[in-house]
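The structure comes first, then the points by topic.

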Amino acid sequence: MEYKNKHVLAPMVRVGTLPFRLLAAQYGADITYGEEIIDHKMIKCDRHINEYLGTTDFVERGTQNVVFRTCPEERNRVVFQMGTSNAVRALTAAQLVSKDVAAIDINMGCPKSFSISGGMGAALLSKPELIHDIITTLKRNLDNTITCKIRLLKSSEVTVELARRIEKAGVSALAVHGRRVPDRPRDPAKWDEIADVVAALSIPVIANGDVFEYEDFERIKGATCVMVARGALWNASIFSPSKSSWEDVKREYVRQCILWDNDVKSTKHTLKEMIAHYSSLELPEGKAVIKSANTENVALDESDQQLRIHSPPLYMAQILLYHSSICI
Ligand code: FNR
């Protein structure tokens, strides 16, 4: 994995499943993170080749629950992000998926109480020995690129000190979200403090925070890569110099969700975020998404709907054609 002038899709729970990652890549994302998956959950999964979709699925034993789905097309750019508080468990989970992804990333920034109470996410920021243990264990036993994603600490000096320790432990790159743990998403990202980390390290830094337009990729000075979350969630064509309308992006997203049989909860959540940002969930479209029980019902593209209803063979042919063009 190369970390030079790359535009990166950030990890986003319930959003960053296969269709959304492929969508972002279609518009120009160079590196695409999956949603955070907790190691406890991953180690309960078996690896299945899904011949029908052309994907590799990690399915929770004894259920049909697909915890992580990927495909060969994204093998060289997909990052598997994990939540963990234990080096051995992290390794067990990472070993399951290591052949199918380009990099493994450890989430060290999640401020949610679920993560913190389990000793994961931002709880790791105050445990440098455990960070060292997790990174060195993964490095010693895997061929993948290993990275982690942190938030800013209480001052630039303290952040830089931790970043240096993480660099020493052997990560290939460090993603820095330019907010402190108690900050809210509406608080502005502190790009100057990210710049302090960039200046202090020799490894690439992936700068993250408040990239809402393509031009913003250039505004985070010095960072070798720039990562975007909400700007991509609202309109994944942010990765392209010529932005598409959010309605077009939304339709393409739904199409991808159908093609890759995305979990309906993820599809609905992502669509609701897009609609709430640009329109309103109170309008008919928003209400229809909230009500829909499966991904097909969520399909908003009139022509696709007509095709499916009036000419199922043509619709299937369209799906097969699409798959053969991207998966072979
Ligand atoms: C996130 N974020 C996040 N971070 C992470 O490390 N793992 C995750 O799974 C998630 N999940 C997630 C879901 C959603 C819906 C959002 C909006 C955010 C945080 C995200 O990756 C990023 O660090 C912040 O959102 C800041 O970037 P932006 O939004 O300012 O570009």
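Buried means under 20% relative accessible area, exposed over 50% and partly exposed in between, with a 1.4 Å probe and protein chains only. Helices (H or I, at least four residues) and strands (E, at least two) are DSSP runs, numbered from the N terminus. This is a predicted model: local features need pLDDT of at least 70, side-chain atom pairs count only at pLDDT 80 or more, and totals for chains, interfaces and linings use all residues. Residues are numbered from 1 along each chain as its sequence is written, and side-chain values use heavy atoms, without hydrogens and water.

**Helix 7**
- Helix 7 spans residues 191-200; Trp191, Glu193, Ile194, Val197 and Ala200 are buried there.
- Their cover includes strand 9 (145-152), helix 6 (156-169), strand 10 (173-180) and strand 11 (205-208).

**Aspartate 57**
- Aspartate 57 sits in strand 5 (residues 55-60).
- Its relative accessible area is 4%, so aspartate 57 is buried.
- Its side chain makes a polar contact of 2.8 Å with that of arginine 69 (N or O atoms within 3.5 Å; within protein, one able to donate a hydrogen and the other to accept it; residues adjacent in sequence count only if both atoms are side-chain atoms).
- Beyond neighbours within four places in sequence, aspartate 57 has contacts (heavy atoms within 4.5 Å) that include Asp46, His48 and Phe68.

**Helices 9 and 10**
- Helix 9 (residues 246-259) packs on helix 10 (residues 264-278) at about 175°, with axes 11 Å apart. Axes are lines fitted to C-alpha atoms over the stretch in contact, and angles run from 0 to 180 degrees between N-to-C directions.
- Among the contacting residues are Trp246 and Tyr253 of helix 9 and Leu271 and Tyr278 of helix 10.
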